[in-house]
Amino acid sequence: MDKYAELGMEVAVSQIDGELKKLWEQDDASTNASLMNLVVFTEKEGGLLENSRIINDLTRENACRAILVEINSEADPSIRAWITAHCHLSGGKKSVCCEQISFYLTGRVTGRFRNTVFSHLNSDLPLVFWWQGELSDVFTERLVSVIDRLIVDSSAWQNPKASFSRILESVDDNTKLTVQDLAWTRCWQFRASIAGLFDDSVAQTIIGNIEKVKITHHASDRNTALQILAWLAVQAGWKSTGKLLFETRNGTKIIAEIEASEDSAPISLVEISAGETVVRVSREKDSAHLLREIQSGDYHVSSLSPADPEPSADLVAEQLARGGKNSLFLKILPQFLELI
Amino acid sequence: MNNPFREDFVSRNRPEPCTVVIFGATGDLTHRKLIPALYNLAVDGELPTGVNIIGFARREKSDEEFRAGLEELNKKVSRSGQDDEIWGNFIQSVTYHQSEFTDLEGYASLARRLDEIDAGRGGAGNRLFYIASAPEFFDDILLHLKSAGLNQSKEGCWARVIVEKPFGTDLATAKHLNQVVNETFEEKDTYRIDHYLGKETAQNLMVLRFANAIFEPLWNRKYIGHIQITCSENLGMEGGRGGYYEKSGALRDMVQNHLLQLLSLVAMEPPTDLSADGVRDEKVKIIRSLRQWDTPEKVAANVIRAQYTAGHIDGNSVPGYREEDRVSPTSETEAYVAVRLMIDTWRWSGVPFYIRMGKRLPKKSTEISIHFKDAPSVLFSALPGGVPGGNVLVIRIQPDEGISLRMVSKIPGTSLRLEPVKMDFHYSTSFGKGSPEAYERLILDAMAGDATLFARRDEVEEAWRFIDHIERAWHESDNKPPMAEFVAGSWGPKEADEMIKADGFDWRRL
């Protein structure tokens with residue numbers, strides 16, 4: 001049995017549009033919905049099947065035309081394509097479906113890949129491009145020029161500095177491009193919780209006098225921890241005075257501690273302290289919640305809030321639901337690159 | 001104070017930690033709407049840390065009994081279900097305060113309790129008073145809050161009040177209530193809740209009109225023939241609702257507040273900005289520009305009231321209005337109303353707006369339909385059947401929130417035949433994620449000091465001014481316009497059909 005059978009019906013690339021049309025004509029009880037083109041690109045063997053399962057989940061809340069691409073540049077040049085639809089009941093009644101086109105390309109693919117993708121986009125809908133893994137030669141200026149939202153995960157990169165510099169060049173060329181790093185998305189709830197805690201009048205009193213920041217992270221999520229630190233530093237206007245050392249605007253010295261643990265949630269602790277006041281957001285491994293706390297002498301308040309999801313697919317779903325230009329990420333990026 | 005970490009979390013105003021005091025805490029609204037809304041905000045991580053909730057009501061209850069009652073209903077109605085860990089954490093912040101609404105000592109002890117909470121946070125704290133009691137206690141609650149000094153905020157903090165509808169039963173009582181409210185709290189700290197404005201589609205109205213370049217140029221008398229706002233309910237007076245409804249009726253219960261609010265959002269001019277007063281300034285101009293139906297003759301010509309007679313809903317037989325539980329057999333309360341409105345502004349001169357609201361109609365639905373004028377028919381008038389209807393833009397408020405546009409298309413084939421087709425956008429199809437409940441959004445807005453989605457004093461009073469003329473003609477004049485009838489399960493009385501037909505239109509079939 002063909003290992004790609006679960007990708008749907010195999011079709012000739014030139015017949016994709018016609019076959020998709022037939023697919024819809026077979027079933028008039030379903031609604032075809034799409035708010036975006038979502039391209040998922042992988043060079044990992046077997047990634048196509050994995051991504052098809054991800055798209056099945058993702059389309060429950062994010063209507064899109066999904067275009068999945070797996071590339072194997074080692075083999076002889078060839079191209080195969082499949083079409084299918086992921087259908088879900090909406091409100092327990094209506095069947096809402098999203099189209100999926102899958103491509104498996106082998107050989108040298110740069111130009112072929114780009115044209116294959118471009119010719120199957122739904123017109124007028126934004127193009128969200130989820131690039132999985134390291135940036136490769138396929139990542140070219142011409143490809144990026146048509147992307148509206150680029151999703152990457154810097155925690156999977158060997159050399160984040162080099163990769164980000166390529167992306168920043170692309171941002172210069174394509175000003176409408178929004179860049180989303182899943183490492184940054186991974187700490188959204190942590191950042192929202194910290195921001196929320198500093199609305200408290202007790203916590204506000206220490207903003208200018210913070211002395212210590214402690215962040216604990218899983219070994220594979222150092223980039224996320226550094227991005228949190230960069231965010232705190234940029235937003236509070238701290239001056240970098242050395243490796244993990246800062247100074248507040250009023251001259252208070254800040255020591256940052258970044259601790260890795262194999263037995264930790266991606267981020268398990270962000271603790272900001274000054275004197276006896278501690279603002280803390282923590283997460284037990286595998287817990288679905290964050291614990292938000294402020295402790296200052298006898299004063300103690302706490303609450304729970306949702307934790308950031310861990311699977312990349314869930315992070316992408318969060319990101320798609322949230323939208324936005326993500327300009328804050330570009331703002332903290334230079335500080336983050338300095339910390340790496 | 002500035003919080004530098006708030007950047008990137010600014011797509012809404014910032015809700016601040018506070019103590020929420022709910023008056024009428026043992027009532028249905030608290031159990032079914034307010035606590036589930038606060039809990040779901042906690043689930044989403046939106047509820048600020050340090051929020052305390054105090055339920056204020058007359059019945060003897062311990063904190064534990066109060067919490068158990070809240071949990072029982074929350075499990076049934078919460079949109080996200082119940083996560084025991086979050087609930088356990090959330091409910092610890094909820095306590096009960098027993099007192100008569102008329103007992104000043106109860107407010108004094110409340111003040112002491114609030115001071116204790118504030119003492120834990122350095123002596124200062126924000127307070128949000130939510131008046132969800134029966135309306136007859138509004139005055140007492142407000143006056144006693146003032147007597148206990150609870151209307152005064154501490155330095156750097158705020159004290160706000162949310163008032164549930166009804167905001168009076170006529171202009172005089174609304175003015176009185178507003179006076180009492182404003183003698184207790186400043187208008188900027190007063191939040192009159194109209195949960196319709198918290199609905200996703202109602203909020204999307206401004207986005208649809210002012211963020212899309214294609215609609216606004218057409219949004220005027222030149223291109224729009226008429227506008228209909230329909231709110232239909234298939235329920236009658238189940239669950240003892242007849243007692244309340246007998247005193248209000250469809251006009252006061254729904255039209256004075258929810259439907260006139262929707263009308264003002266549809267018809268208003270673009271606001272200068274999105275500030276609360278920027279938007280409300282424009283909305284109130286619409287209510288103020290309504291042509292007044294100030295004689296019984298004008299009311300008879302422009303307003304139809306009706307009661308349903310026995311009929312069938314969903315295949316089940318249902319009683320007539322006058323046979324319903326807690327309804328007088330000689331009742332003169334309308335269970336259906338249809339109103340023709342004229343807005344005397346430059347933009348809307350000559351464009352009729354029709355509002356209809358009724359109980360025991362075939363299905364539950366609220367929508368606004370914009371009926372555009374027909375295109376000149378010079379090209380297609382000779383075709384058999386001509387041009388089938390004009391363009392209609394429909395904004396569905398509930399259920400199945402969304403927007404559709406009807407247009408005319410050629411039927412495929414060698415001959416030229418035209419048929420209407422519909423472009424349809426469904427929130428649930430395009431955005432799988434469910435919307436928060438209206439109360440969630442509105443409570444958060446009140447914590448953030450954003451009154452955009454709350455009614456201002458002048459809006460409420462202007463709406464009552466319009467409604468009062470009709471009520472007076474119905475109940476106090478010598479030549480009262482008649483009460484029409486319709487069979488339960490039908491789309492209303494023939495008199496309402498005739499009213500709109502006289503202008504050359506038909507009610508939209510939902």
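## Chain A at a glance

Accessible areas here come from the Shrake-Rupley method with a 1.4 Å probe. On that basis, chain A exposes about 14,100 Å², and carbon and sulfur atoms supply 48% of that area. Please keep in mind as you read that this is a predicted model.

Chain A has 340 residues, and 56% of them are buried. Its secondary structure comes to 11 helices and 17 strands. Taken along the principal axes, the C-alpha atoms of chain A fill a box of roughly 70 × 45 × 35 Å. If we look at contacts in chain A between residues at least 6 apart in sequence, 70% of them join residues at least 24 apart.

## Aromatic pairs

Over all chains, the structure holds 35 aromatic pairs. One of them is in chain A: the ring centres of Tyr4(A) and Tyr104(A) are 5.4 Å apart with the planes at 35°, so this pair is tilted. Tyr4(A) comes from the segment before strand E1 (9-11) of chain A, while Tyr104(A) belongs to strand E6 (residues 94-106) of chain A, so the pair ties together parts 100 residues apart in sequence. Both Tyr4(A) and Tyr104(A) are buried.

Phe23(B) and Tyr107(B) have ring centres 6.0 Å apart and planes at 20°, so they count as stacked. Because Phe23(B) lies in strand E1 (residues 19-23) of chain B and Tyr107(B) in helix H4 (residues 104-119) of chain B, this pair links parts that are 84 residues apart in sequence. Phe23(B) is buried, with a relative accessible area of 0%, and Tyr107(B) also counts as buried, at 0% relative accessibility.

These two residues belong to one aromatic cluster, formed by Phe23(B), Phe56(B), Phe101(B), Tyr107(B), Phe129(B), Phe137(B) and Phe185(B).

## Charges over rings

Chain B also places charged side chains over aromatic rings. The charged end of Arg160(B) sits over the ring of Trp158(B), 3.7 Å from the ring centre. Likewise, the charged end of Lys199(B) sits over the ring of Tyr196(B), at 5.5 Å from the centre.

Val387(B) has 38% relative accessibility, so it counts as partly exposed.

Conventions. Residues are numbered from 1 along each chain as its sequence is written. Chains are lettered from A and ligands numbered from 1 in the order in which they are written. This is a predicted model: local features need pLDDT of at least 70, side-chain atom pairs count only at pLDDT 80 or more; totals for chains, interfaces and linings use all residues. Side-chain values use heavy atoms; hydrogens and water are left out. Buried means under 20% relative accessible area, exposed over 50%, partly exposed in between (1.4 Å probe, protein chains only). Rings of Phe, Tyr and Trp (its six-membered ring) pair if their centres lie within 6.5 Å; planes under 30 degrees apart count as stacked, over 60 as edge-to-face and the rest as tilted. Helices (H or I, at least four residues) and strands (E, at least two) are DSSP runs, numbered from the N terminus. A charge sits over a ring if NZ of Lys or CZ of Arg is within 6 Å of the ring centre and within 35 degrees of the ring normal. Contact means heavy atoms within 4.5 Å.
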